[in-house]
Amino acid sequence: MAKQRINAQLQEQQQRQHKQEIQFNIDFVEGSAESLPFNDGSFDSIICNFGILHFFHPDAFLRESYRVLRPGGRLSFSAWAPPMATEGFRIALESIAEVGNPNVEGLPDGPNFFDFGDPNQATNALKEIGFVDTKSVELSEMKWTSIQNGSELYDVLLQGTSRTREVLLGQTQEEAAAITSVMIQKYDVITDSGKRCLAMPAVITSGCKPTST
């Protein structure tokens, strides 16, 4: 499902680029992040925006990034902070656990969704591959400002995420209705009935490939 949505997004961006009068020198390449279709030392920088938390084998992505970076090149990636900090995910996951089915069958295997939201775990993963000058920072001021209630939060997670979307789609009609109802209640409690925005901090981690080995 996620691959189909990504393919559609790539096609949309390619169509937009062709329609623009000013052309950008951008190549769209479809491939596996765990087996990058590029030669060794091809890039000065690699950026992965909320992607690593969806990979089946994130360590393979880190090794491949190390391989295709030039010496001195930097890898940077973002991931969501754990649910205690990301209130939107906490509301959803608690609601699913309380009145829904958190063990939906048929979901692809993968690591814990929030592994790389732990700065120590994220930087250690980079160091194990061989990256140096590793850094990790939490963007604690990030918020979701456009969500007005728990029902909207449900819709955003259903339409705008990958793994959480599949968990929500795996609920029965009765479970989905119950989850929505509990999410509405929890949203009101956490945000004081919408008087403040949901806190949704992210963690950005980076590391450099050594200039010499």
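I looked up Glu87 first. Glu87 is buried, at 8% relative accessible area. Buried means under 20% relative accessible area, exposed means over 50%, and partly exposed lies in between (1.4 Å probe, protein chains only). This is a predicted model, where local features need pLDDT of at least 70, side-chain atom pairs count only at pLDDT 80 or more, and totals for chains, interfaces and linings use all residues. Residues are numbered from 1 along each chain as its sequence is written, and side-chain values use heavy atoms, with hydrogens and water left out.

**Salt bridges**

I asked which residue the Glu87 side chain meets in a salt bridge. The partner is Arg196, at 2.8 Å, N to O. A salt bridge here is a side-chain nitrogen of Lys or Arg within 4 Å of a carboxyl oxygen of Asp or Glu. This pair links distant parts of the chain. Glu87 is in helix α3 (residues 87–99), while Arg196 is in the loop between α7 and β5, 109 residues apart. Helices (H or I, at least four residues) and strands (E, at least two) are DSSP runs, numbered from the N terminus. Arg196 is partly exposed, with a relative accessible area of 37%.

I then went to Glu94 and Lys186. Their side chains meet in a salt bridge of 3.4 Å, N to O. Glu94 is in helix α3 and Lys186 in helix α7, and the pair links parts of the chain 92 residues apart. Glu94 is partly exposed at 32% relative accessible area. Lys186 counts as buried, at 18%.

Next I noted Arg165 and Glu166. Their side chains form a salt bridge of 3.7 Å, N to O. Arg165 counts as buried at 13% relative accessibility, and Glu166 is partly exposed at 23%. I also found Asp40, Glu64 and Arg67 joined into one network by salt bridges that share partners. How many salt bridges does the structure hold? I read ten.

**Helix α4**

I turned to α4, residues 119–129. Which of its residues are buried? They are Ala122, Thr123, Ala125 and Leu126. These four lie on the same side of α4, because they cover an arc of only 150 degrees around the axis. That arc is taken from the directions from the helix axis to the C-beta atoms. Asn120 and Glu128 are exposed on the other side.

I checked what the buried residues of α4 pack against: α2 (58–68), β2 (69–80), β3 (132–139) and β6 (202–208). Contact means heavy atoms within 4.5 Å.

Then I looked at the ends of α4. Asp118 caps the N-terminal end, with a side-chain oxygen 2.9 Å from the backbone nitrogen of Asn120. Just after α4, Gly130 takes a positive phi of about 125 degrees.

**Positive phi in a loop**

I finished in the loop between α7 (173–191) and β5 (198–199), where Asp192 sits. Most residues other than glycine have a negative phi. Asp192 is not a glycine, yet has a positive phi of about 55 degrees. Asp192 is partly exposed, with a relative accessible area of 45%.

Ser193 is also in the loop between α7 and β5. Ser193 has a positive phi of about 60 degrees and is not a glycine either. Is Ser193 buried or exposed? Ser193 counts as exposed, at 56% relative accessibility.

Terms used:
Polar contact = N/O pair within 3.5 Å; in protein donor to acceptor, adjacent residues only side chain to side chain.
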